[in-house]
Amino acid sequence: MKDTPYWNPRHETMPREELEALQVRKLRNLVEWAGTQVPFHAKRLSDAGVTADSIESLDDLQRIPFFTRDEWMGGQLEQPPYGPILAAPEEAAIRYHMTSGTTGRTPIRVLDSMKDWEWIAEMWCYGLWGFGVRPIDRVFIAFGYATFIGFWGLHYASEKMGCLTLPGGAMTTEQRVRTIEEMGATVVASTPTYALRMAQEARALGIDLASGPVERLILSGEPAGSIPATKKLIEEQWGAKAGDTAGMTELGTIMVFECEAQPGGTHIIEDHYIEEVVDPETGEPVGYGEQGERVVTSFGRGFIPVLRYRTRDLVVKVPGAGCACGRTFDIYDGGIRGRVDDMKLVRGTNVYPRAVEAIVREIPEIDEFQIRLYTAEGIRDEIEVLVEVPDEGADVDGILARLGKELAGAHESLRFGVRQAETGSLPRFELKAKRLVDERELIGGEGEKRG
Amino acid sequence: MAEIGEAQRELAEIYERLKAVLQERRGELAPYEERNALKALAALWQVANGLDLDPGQLYDSGA
């Protein structure tokens with residue numbers, strides 16, 4: 001095997017002109033595929049007058065209509081369980097995953113074929129290799145291994161690369177920390193918040209992580225992996241380098257990764273995606289260095305073609321040429337900086353206030369409610385829902401238990417605290433209600449909370 | 001586009017041959033032969049794709 005810092009040297013160092021020509025060709029193929037296999041996309045493309053043959057440059061991308069999460073979810077509600085977006089028959093799938101949705105009742109459900117699943121791992125290989133992980137490494141994955149896609153792709157990437165892969169599902173934090181120590185893990189994958197939680201547990205157990213064998217942390221699931229103060233804290237506590245990544249269930253994998261040079265942001269995997277940055281209000285493109293909304297087009301997952309998907313993530317794109325690593329892939333300076341909408345990330349899980357409200361409102365005994373996000377023990381994101389139950393004869397314990405169970409069920413088993421508030425104590429709203437209070441400190445918080 | 005080397009060309013040929021076997025002689029394959037060949041095809045698709053060979057999709061092959 002060649003000794004190279006790149007997973008795919010051919011593409012990662014490709015001159016921009018060639019890279020853009022490759023993207024145009026792949027876009028043409030994607031439009032052809034989506035237009036012939038998915039009637040939903042065929043109509044949208046046809047209505048916009050877009051055919052594969054008519055795509056000559058990246059400027060033509062802007063003729064393709066945006067695709068939104070609401071449209072995706074609306075399609076699923078009309079044609080459950082997957083909506084009108086599949087490009088291949090369900091029988092061709094080997095994997096099912098989901099992520100919490102915006103309605104509280106319907107998650108986004110996705111399928112992948114064997115080839116797509118290999119591709120999902122392939123994207124993680126760009127990130128792992130690019131951050132210095134090698135076949136000799138022992139990779140511990142602190143992850144729940146359920147229907148949430150999370151680090152599934154990283155697990156398969158680690159195997160593909162030949163690393164000793166240590167699955168950390170169904171373990172307590174103590175068991176995870178002890179396994180990391182006992183097995184001599186050199187790489188640990190987790191959310192930023194959980195990396196700090198494990199460090200805290202290690203201290204309580206008398207384990208000095210900083211003098212141990214862990215050399216690299218692969219972070220994902222929260223923006224904090226690119227927040228300098230949080231990254232510094234994690235690196236100090238583990239005595240290891242921390243690299244940020246970001247992905248989405250809608251893509252099945254990561255679309256950006258931080259390289260070993262740690263340029264203060266994440267490289268976009270531009271041979272597999274086109275990432276546009278647009279003004280969230282007008283949809284018009286913004287230039288390098290300007291903050292805007294990510295819009296993604298993905299070439300990899302053929303089962304669910306993704307064309308100009310509005311992510312609602314806020315980013316600032318800068319040229320990759322500024323990075324010492326030699327990649328030509330552009331960079332999201334500061335990673336994912338925040339959200340256009342009201343979605344919150346809590347321990348790696350998407351939480352939409354409107355989805356929580358939809359669940360709360362199904363319990364008629366609850367009169368008013370408030371969602372509270374806070375930082376526990378200085379390191380951990382927590383979410384709780386305070387509810388007023390004015391009827392003194394109501395079974396409050398039963399209501400709280402039901403609500404907690406239903407909220408967790410709609411959010412990838414995320415643990416919600418559910419408490420009764422004194423009747424009349426929560427704020428009332430006449431116009432635009434603000435029932436979410438985010439009291440989190442910098443660590444694990446959203447991009448807009450950076451210091 | 002950059003030229004591909006001899007080793008890469010051989011991998012691309014293996015991919016095409018594997019795909020052809022799965023498309024044309026599937027009925028002759030035992031379960032262990034077919035499923036392992038499909039897994040290999042899905043992996044080699046990543047190579048063909050990384051070499052810019054426009055490998056298309058594989059759903060009709062079952063991968």
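This is a predicted model: local features need pLDDT of at least 70, side-chain atom pairs count only at pLDDT 80 or more; totals for chains, interfaces and linings use all residues.

Student: What kind of peptide bond joins Pro80(A) and Pro81(A)?

Tutor: A cis one, with omega about 5°.

Student: Why is Arg308(A) called buried?

Tutor: The label needs 20 or more other C-beta atoms within 10 Å. Arg308(A) has 20 of them, so it counts as buried. Its place is in strand E12 (residues 306–318) of chain A, and its phi is near 50°, a positive value in a residue other than glycine.

Student: And what makes Tyr145(A) partly exposed?

Tutor: Tyr145(A) has 14 other C-beta atoms within 10 Å. Exposed means 12 or fewer and buried means 20 or more, so 14 falls in between and Tyr145(A) is partly exposed. Tyr145(A) also has a positive phi, near 50°, without being a glycine. You'll find Tyr145(A) in the loop between E3 and H6 of chain A.

Student: How do you know that H6(A) is mostly covered?

Tutor: Count its residues: seven of the ten are buried. They are Trp152(A), Gly153(A), Leu154(A), His155(A), Ala157(A), Ser158(A) and Met161(A). The cover includes H5, strand E3 (138–141) and strand E4 (164–167) of chain A, along with strands E5 (187–190), E6 (216–219) and E8 (253–257). Just after H6(A) comes Gly162(A), with a positive phi of about 95°.

Student: Why is H5(A) called roughly perpendicular to H6(A)?

Tutor: The axes of H5 (residues 114–130) and H6 (residues 152–161) of chain A cross at roughly 70° and come within 8 Å. Angles from 65 to 115 degrees count as roughly perpendicular, so H5(A) and H6(A) get that label.

Student: Which residues of H5(A) meet H6(A)?

Tutor: Among them are Ile120(A), Trp124(A), Leu128(A) and Trp129(A) in H5(A), while the H6(A) side includes Leu154(A), Tyr156(A), Lys160(A) and Met161(A).

Student: What makes the buried residues of H10(A) line one face of the helix?

Tutor: In H10 (residues 353–360) of chain A, the buried ones are Ala355(A), Val356(A), Ile359(A) and Val360(A). Looking down the axis of H10(A), they fall within an arc of 140°, so they line one face. What covers them includes strands E16 (349–351), E17 (368–376) and E18 (380–388) and helix H11 (396–409) of chain A.

Student: How is chain A divided into domains?

Tutor: The domain assignment gives domain 1 (1–340) and domain 2 (349–449) of chain A. Their centres, taken over C-alpha atoms, are 29 Å apart.

Student: What about chain B: how many helices and strands are there?

Tutor: Two helices and zero strands. The C-alpha trace of chain B spans about 40 × 20 × 15 Å along its principal axes, and 27% of its 63 residues count as buried.

Student: How many residues does each chain bring to the contact between chain A and chain B?

Tutor: Chain B brings 16 residues and chain A brings 16 residues. On the chain B side, nine are nonpolar, four polar and three charged.

Terms used:
Residues are numbered from 1 along each chain as its sequence is written. Chains are lettered from A and ligands numbered from 1 in the order in which they are written. Helices (H or I, at least four residues) and strands (E, at least two) are DSSP runs, numbered from the N terminus. The arc is that of the directions from the helix axis to the C-beta atoms. Two residues are in contact if their C-beta atoms, placed from the backbone, lie within 7 Å. Ala, Val, Leu, Ile, Met, Phe, Trp, Tyr, Cys and Pro count as nonpolar, Asp, Glu, Lys and Arg as charged, and the others, Gly among them, as polar. Domain bounds come from an automatic or database domain assignment. Axes are lines fitted to C-alpha atoms, for helices over the stretch in contact, and angles run from 0 to 180 degrees between N-to-C directions. Angles under 35 degrees count as roughly parallel, over 145 as roughly antiparallel, 65 to 115 as roughly perpendicular and the rest as oblique.
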